[in-house]
Every structure is written in C-alpha cells, then in structure tokens.
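Q: I would like to learn how to read a few features of a protein model. Can we take them one at a time?

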Amino acid sequence: MLLDELALTADTVASTRSRLAKVGALAELLRRLEPDEIAPAVGFLVGKPRQGRVGVGWRGVAAATGEPAAEPSLTVGDLDAVLDRLAAASGAGSSGERARELAELIGGATDREQGFIGRVLLGEVRTGALEGVVTDAIARAADRPVGVVRRAAMLSGDLGETARLALTGTEAELAAVGLVVGRPVLPMLAATASSAAAALETTGEASVEYKLDGARIQVHRAGDEVRVFTRNLADVTRRLPEVVDVVRRLPVHDVILDGETLSLDEDGAPRPFQDTMSSFGAESASETVLHPWFFDVLHVDGRDLLDEPLSIRLAELERIASAHRIPGEVTADPEVAEQVSRDALAAGQEGVVVKAIGSPYAAGRRGSSWIKVKPVFTYDLVVLACEWGSGRRTGWLSNLHLGALDPVGEFGEPGGFVMVGKTFKGLTDELLRWQTERFPQIETRRTEHTVWVEPSIVVEIAIDGVQRSSRYPGGIALRFARVKRYRDDKTAAEADTIQTLRGLLRG
Ligand SMILES: Nc1ncnc2c1ncn2[C@@H]1O[C@H](COP(=O)(O)OP(=O)(O)OP(=O)(O)O)[C@@H](O)[C@H]1O
C-alpha cells in the first residue's frame, strides 16, 4: 500500500470527532493492507513503530526536509525498511549514513507523507485514545469480538502483531494468545480515591497494601533466564542485578511477578524517588542497589493466574516469595485500612493501593479493582515551554509552562495540550541543570525569555487545587504548583487531562 493512503487516513482520523467514523475509516484501511504490511502500518498509526524510537530528533527531520515529491511513490514497506536500517545504524561513523537514509526517505515523500513520517519519527502521533480506536477497528476489519482482540493485545503487548493475527489467522488462534514467559504484558493500573475507607467502599474486602514510591517492574523467569521490564515494557534487566538475583533464587522454574523496585538508605528506609529513577535510567548497574518488592504473580510453573482471584494469587506469592512481598493487610474493616494507610505514610511511602480481593488481573486496564490513595494531590502534566530564570537562576531554564492533556479536542486538536499554569518551585539545582541541557534539544521555537519544546516530557506536579482563571484557555489555573519529579516512565499521552483537573473545582 502507498504510504500516502495511510497518511490520508491518519489525517481523516485526526480531523473527525466521531469515534464511529474513525473506526470505520481505519477498518477500511486495515482490510486493504497486504499481510506483511499490517503490523508495521498499525505501529505507524498508533505512533509506536515496531523498531521503537530510532533516535531521530526534530533537527534531523528538519535537516532532511526539502521540496516534497509531487506524486506519491513510497510504500508502507519502504518506511518500515528505512526504520529497520536507522535502528541498525548506530555507533561511530553512522551519523552520515543515517542522515543519507533520512534525506532519501523524506526527499521521496509528498507533502502529506513528510508530515506523517515526521510525526512517526518524533513519536508525535497523538496516541492515547487512538490505541483503543485502532483496537476497535481491528475487530471490525477482522470481524472478531473486540474483547478477544483487546485481550490478545494486552497479553502480547503488541497491537501490530495482534492485528496481523486477527486479520490473517483464525478466531481460535487469536483467542489462544496467552501469557508467554519472557514476553511482557501491559500492567494493571489503579483508579484513585480520597481515602482508604472510601476505596474500601468500592472494593469490599480488599488487600490494602503500601504504595511504595519506586518504579514499577515486571519480572519474568524461565529456568535461569530472568528478564526485568518497566511499566512501558522496556527491558531493564542489565540495570537491576539485585532483582535478577532475588528472582533466580525463588523456589520455582517459571514465574511472572509484578512489583515495585526502590533503593534503601543505610537504615533500611526508602530513598526518595529521584534516586531510584536515576539508577533505573542509568545505562548499567550503578552504585545504588535496587530491591524488589512484589505485589502480584501472573504465572507460576506452567499455570496462568491472571483469571484467578487476587486471594489465590497472593497465596501463591506468599508461598514463593514471602520475604519480598509488599507490606499490607487483607481486610474489610475501614479502620484497619486507615491504619495501614497511616503506617505507610509514617514509613515514608506514598499511600496505599486498595485491591478487591476477588478481582482477576486486568492487564492494561485502569479499572476500579485497584484503587490508589495518595494524600497529596499530584498530577502528571506536560512541559510546553520554559522561561529563563533571573537572579540566582540567571542562565538556567527555570519557570515551566505546564499543559494538561485534551484527549477529545475541546480546545484544539484531539490529543493536544492546554496550558494550566507555570511553576519554578521545587526545582533542585540538579533539575535546573538537566532542564537547561535537555530542553534546547527538543526546542521548537524561542523568544528572548522563553523556549518552547515538543510536548513530550511529563512532570509530576503537586498542587493545592485549581481555581477558575481567564488567563489560560482551559479556564482553570493550578494553585501552588510545585515540581515533585520528572516521570521518564510516562508518555505525554498518559498525562492527566483537563477534565480531571477541572473536576477539582467541585471538590
Ligand atoms: N502495592 C502496590 N500495588 C500496585 N501498585 C503499586 C504498589 N506500590 C506501588 N505501586 C505503584 O503504583 C502504581 C499504581 O498507580 P497507577 O496504576 O495509577 O500507576 P501510575 O499511573 O504510574 O500512577 P502513579 O503516578 O500514582 O505511580 C503502579 O504503577 C506501581 O508503580
């Protein structure tokens, strides 16, 4: 298929509001793809090419962009092949080769294709809601139940392969997609409540567990082979030797565990999140040792446990990894739940997660079986721009412009961002240094005082609430915003929405 057709459909999908129309246009496109084009095309559509990020930045794309071709000639396969070559060309001496590849690709592209290729390369396709829409379109195009398609996508962690199987295989083959030890699945996520007692009202009897302030890990072991994945399913095995060691010693052959990793100080108390994240993000194992704490088990020795109730999974976890379980208690008593919550905070942790004791493991879902309770309101927002500091901060990029996600396009394009406030509070010298180095690399334009950046960096902000405001387009402004930390493990499409923030007006 010509890439131009794909780009045209992507444009149509971006510009129509009706979900039904989006699904229809995508299903129509999917039906017309050749079997070997399906997986790459789906990857392009949702902004997650099979090759991952191939390390091409905004400047690289700009340098390669020239006069567009008059007639479309590139195919879906051409773009896929160039991404393969860009991903393979790394290391010294590869930059010339990469620039040539890119210039040739973009030079042969029409105006519409150039825009599309740029968005795919820069990871700017506004995914979020799109993955759900594409999932529905796959089900429609393949005439399969959407639940079966969704489950296969969650368990394989791969929407492109799921689409290929749905469109070219039998329904039984699609339904048979299950857990494979070594292949990560999307993690189950939590809803939010204001107190442990309120959460318990929703869940009924629950496992009330500490919400450790670390980083999510999913650990797979097959025999002696252990692999560790992040919340985004990136492989971080080499960075976590302690975790690998612990899991290798468990009394099982095969296992998949879900948990949190964080470092401890000399007294055994948890260290701040920034320390954990900097070791997590490092290229190899660093000085800080990261310990695992597990709260769930999805598979043990040939047996999938996803559909078992939490009570059974926790009993299994106790049997195989009791020394590495996250602290918590199973209770239906709000008083006990509140006590666990107080203990968690006293231990320096973030709060608790309250989990319905009868619930299955809903991979990739944010349902109400898991409910997190954090006493401080924090929101994940996107950096839109940054102003140069003054006084002691002269020369540093300091005051952040913060945006909330606008998934339905209430204030512009769906999946865009609406500015809701600014802050320079809570920034350490280290963060100021990092911002000043990082932001110019993703700069889109600048004036004397301000550098605008690609909306791709997520920052966690603590606030006291929101107030009505005519200064910002969304009609609200953050109150007493301060930076807690950068969330390298989240994408901009996962940021909190303008609707969520507006909901605070009522509170
Ligand atoms: N006992 C626990 N059970 C489940 N998750 C836990 C637990 N302790 C810590 N966590 C962390 O809390 C997160 C649960 O919140 P959620 O599913 O909303 O993820 P999130 O979007 O990363 O949220 P947050 O920004 O609050 O960490 C998990 O991703 C995990 O990293």
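Q: How are H12 and H16 oriented to each other?

A: Two packed helices are described by the angle between their axes and the distance between those axes. This is a predicted model. In it, helix H12 (residues 196–203) packs on helix H16 (residues 334–346) at an angle of about 130°, and their axes are 8 Å apart. Angles of 65 to 115 degrees count as roughly perpendicular and those over 145 as roughly antiparallel. H12 and H16 are therefore oblique to each other. The crossing of H12 and H16 is right-handed.

Q: Which residues of H12 and H16 make the contact?

A: H12 contributes Ala 196, Ala 197 and Leu 200, while H16 contributes Pro 334, Ala 337, Glu 338, Val 340 and Ser 341. By type, the residues of this contact of H12 with H16 are six nonpolar, one polar and one charged. An α-helix has 3.6 residues a turn, so residues three or four places apart point the same way.

Q: How are H3 and H5 oriented to each other?

A: The axes of helix H3 (residues 35–45) and helix H5 (residues 76–88) come within 10 Å and cross at roughly 75°. H3 and H5 are therefore roughly perpendicular to each other. Glu 37, Pro 40, Ala 41 and Phe 44 of H3 meet Val 76, Gly 77, Leu 79 and Asp 80 of H5. The residues of the contact of H3 with H5 divide into five nonpolar, one polar and two charged.

Q: Which residues of H3 are buried?

A: Burial is read from a count of neighbouring C-beta atoms, with 20 or more within 10 Å as the cut-off for buried. In H3, the buried residues are Ile 38, Pro 40, Ala 41, Val 42, Gly 43, Phe 44 and Leu 45. After H3 comes Gly 47, with a positive phi near 75°.

Q: What does the UniProt annotation "active site" cover?

A: An annotation is a record, to be read beside the coordinates. The unreviewed UniProt entry has "active site" at Lys 211. In the model, Lys 211 is found in strand S2 (residues 206–211).

Q: Is Lys 211 buried or exposed?

A: Lys 211 counts as buried because it has 22 C-beta neighbours inside 10 Å. Leaving aside neighbours within four places in sequence, Lys 211 is in contact with Ala 344, Gln 349, Glu 350, Gly 351, Val 352, Val 353, Lys 372 and Lys 374.

Q: Which residues does UniProt list for "binding site"?

A: The unreviewed entry lists Glu 209, Arg 216, Arg 231, Glu 260, Phe 295, Arg 366 and Lys 372. Glu 209 is in strand S2, and Glu 209 is buried, with 26 other C-beta atoms within 10 Å. Not counting residues up to four places away in sequence, Glu 209 touches several residues, among them Phe 295 and Val 352. Arg 216 is in strand S3 (residues 215–222) and counts as partly exposed, with 16 C-beta neighbours inside 10 Å. With the sequence neighbours up to four places away left out, Arg 216 touches Pro 187, Thr 230, Arg 231 and Glu 260.

Q: How many helices and strands are there in the protein chain?

A: The protein chain has 18 helices and 19 strands. Of its 507 residues, 42% are buried. Among contacts with a separation of 6 or more, 71% are between residues 24 or more positions apart.

Notes
Residues are numbered from 1 along each chain as its sequence is written. This is a predicted model: local features need pLDDT of at least 70, side-chain atom pairs count only at pLDDT 80 or more; totals for chains, interfaces and linings use all residues. UniProt positions are given in the numbering used here, feature names are shortened, and annotations may be inferred rather than shown by experiment. Helices (H or I, at least four residues) and strands (E, at least two) are DSSP runs, numbered from the N terminus. A residue is buried if 20 or more other C-beta atoms lie within 10 Å of its own, exposed if 12 or fewer, and partly exposed in between; C-beta atoms are placed from the backbone. Two residues are in contact if their C-beta atoms, placed from the backbone, lie within 7 Å. Axes are lines fitted to C-alpha atoms, for helices over the stretch in contact, and angles run from 0 to 180 degrees between N-to-C directions. Angles under 35 degrees count as roughly parallel, over 145 as roughly antiparallel, 65 to 115 as roughly perpendicular and the rest as oblique. A crossing is left-handed if the near helix is turned anticlockwise from the far one by less than a right angle, and right-handed if clockwise. Ala, Val, Leu, Ile, Met, Phe, Trp, Tyr, Cys and Pro count as nonpolar, Asp, Glu, Lys and Arg as charged, and the others, Gly among them, as polar.
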